[in-house]
Amino acid sequence: MAVTPTVNIVIAQGATFSEIFTSTETDGSASNLTGYSGQSKIKKYPASPTSESFSVSITASTGEVSIAMTAGKTVRLSPGRYYYDVYLTSPSGSISRMVEGQVMVTAGIAT
């Protein structure tokens, strides 16, 4: 069973956010993510019925998966701790969790 890496992130309320993760093979080389799609959400707690989505972009040849959120979305997040994960769907429909972790949303003073 593959272990899902845990990466904790910080989002500044009211600021544009982005983070890049790289998918690698067991030999350390970058995964080829041609044909893959992704989705990522942030929730106050794992079973929360409400969530906010990150936009997800994939650079197939380098195995890079980027999640992003506009300043217009981050300003609506209340300061505090949240949870997120990133799922990838292969061309054959297989779904895997690439990364997961906690998010700390820091308060914006000017927002």
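Is Lys73 buried, partly exposed or exposed? I found Lys73 partly exposed, with a relative accessible area of 25%; my scale calls a residue buried under 20% relative accessible area, exposed over 50% and partly exposed in between (1.4 Å probe, protein chains only).

**Ground rules.** I am working with a predicted model, where local features need pLDDT of at least 70 and side-chain atom pairs count only at pLDDT 80 or more, while totals for chains, interfaces and linings use all residues. Residues are numbered from 1 along each chain as its sequence is written, and side-chain values use heavy atoms, with hydrogens and water left out.

**Salt bridges.** I searched the whole structure and got 4 salt bridges, counting a side-chain nitrogen of Lys or Arg within 4 Å of a carboxyl oxygen of Asp or Glu. As a reminder to myself, side chains of opposite charge can pair when their charged atoms come close.

I looked at Glu52 and Lys73, which form a salt bridge with the closest N and O atoms 3.6 Å apart. This pair links distant parts of the chain, with Glu52 in strand E4 (residues 52-59) and Lys73 in helix H1 (residues 71-74), 21 residues apart. Helices (H or I, at least four residues) and strands (E, at least two) are DSSP runs, numbered from the N terminus.

I then checked Arg76, which also forms a salt bridge with Glu52, the closest N and O atoms being 3.8 Å apart. Arg76 sits in the loop between H1 and strand E6 (80-89), 24 residues from Glu52. Arg76 is exposed, at a relative accessible area of 55%. I noted Glu52, Lys73 and Arg76 as a network of salt bridges.

Next I found Glu100 bridged to Arg97, with the closest N and O atoms 3.0 Å apart. Glu100 is partly exposed at 23% relative accessible area, and Arg97 is partly exposed at 37%.

**The sheet.** I traced 7 strands in an open sheet, in the order E1-E7-E6-E3-E4-E5-E2, with mixed pairing; two strands pair if DSSP finds at least two bridges between them. Strand E1 (9-12) and strand E2 (17-22) stand at the edges with a single partner strand each, so one side of each has no neighbour in the sheet.

Last, I looked up strand E3 (residues 37-43), which 7 bridges join to E6, the two running antiparallel. Lys43 has Tyr83 as its bridge partner in E6.
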